[in-house]
Amino acid sequence: MRRKIIVAILVLFALGVAASAVGYNFLYGDRVRLGDNERLLIIVPENSYEEVFAMITDSLDIENPGILDWVAKKKSYPSLIKPGRYIFSGEMSYIAVIDRLRSGDQQPVKVIFNNIRTLNDLAGKVGEQIEADSAEIIDFIGDSSNYAKDGFSRETVIALFIPNTYEMYWNTSAEGFYKRMLQEYNKFWNEERRNKAAAKGLDPIDVSILASIIDDEVVKADEKPRIAGVYLNRLERGMLLQACPTIKFALNDFTITRVLNKHLVVESPYNTYKYKGLPPGPIGCPTIEGIEAVLNAEEHDYIFFAAKPDFSGYHNFSKTLGEHNRYADEYQRELDKRRIFD
């Protein structure tokens, strides 16, 4: 009898171990097998648990939805849903899937923007890459009270957004995007760069304004520091900046290929042919290349430049108005020859 009892206990123990192993494997084993195929799951704040659950089962090809639902509810996931952009691949258990979603363990997105002329352009590009749409972004940026405390105005806030690639979570709000860009701006404008700007009598916003003009004016990157030197010479001498890109900005017409006298009469604080000094704000998002060109501007005596008539993208530089007029006439004749009139 004792032997039978011992055998029975051993059998029950073995069955218990086997059952535990099966149960453990059922819950913690690889129930989702995606291999190298990435599956994207985007959850927005408005999604209910039922909607999220349907997305999970559809996106991840769940074979046993009932078990997944049981796991989710045991972990209180229906009341702990976190919006975001989640990417799944490889092999995972149901518990691992719910744990990732429950903890908000998202895959960051790369937010890229460049060639930005206006805040609307910025909002449009960024709004395609994060949860906050273009309207939410422009509404936030359009209210200067959101950033006045940080030293920006409606005219200068575009200087904050330095074109680059940034990693952030998809469910970033308009305010969250601004705060992240402020953090990046302050990181970029370190003590070394601020000291270089101060040595030229400029602050970071001044540098950004001038950089935005140079970015639009200059095709060849290696010429940017020299053009920066010309503009700095004009500012130092109290001359008009006379930057054609500011006229295009004032007219809100960037298709103009030839700035004419009729364009120069536009009444705008951005008309640098009428008003001395820098315009009220950047005429676009200044690039890092443009900013560095200003901070490391060439020191020379040039105060004029004119595009070369070979249309190479390079310029002829002059120290006198007479020399400049000769270069300018050569370029104007070539424009006429090519029938470029506006």
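Is S76 buried, exposed or partly exposed?

1. S76 counts as partly exposed because its relative accessibility is 36%; buried means under 20% relative accessible area, exposed over 50%, and partly exposed in between (1.4 Å probe, protein chains only). The model is predicted, so local features need pLDDT of at least 70 and side-chain atom pairs count only at pLDDT 80 or more, while totals for chains, interfaces and linings use all residues. Residues are numbered from 1 along each chain as its sequence is written, and side-chain values use heavy atoms, with hydrogens and water left out.

2. S76 is not a glycine, yet has a positive phi of about 60°. The residue sits in the loop between α3 (65–74) and β2 (84–92); helices (H or I, at least four residues) and strands (E, at least two) are DSSP runs numbered from the N terminus.

3. Q242, also not a glycine, has a positive phi near 50°. Its loop runs between α10 (224–236) and α11 (244–251). With a relative accessibility of 33%, Q242 counts as partly exposed.

4. Helices α6 (residues 134–142) and α7 (residues 174–188) pack at about 60°, with axes 8 Å apart. Axes are lines fitted to C-alpha atoms, for helices over the stretch in contact, and angles run from 0 to 180 degrees between N-to-C directions. The two helices are therefore oblique to each other (under 35 degrees is roughly parallel, over 145 roughly antiparallel, 65 to 115 roughly perpendicular, the rest oblique).

5. On the α6 side, E136, I137 and F140 meet A174, E175 and Y178 of α7, where contact means heavy atoms within 4.5 Å.
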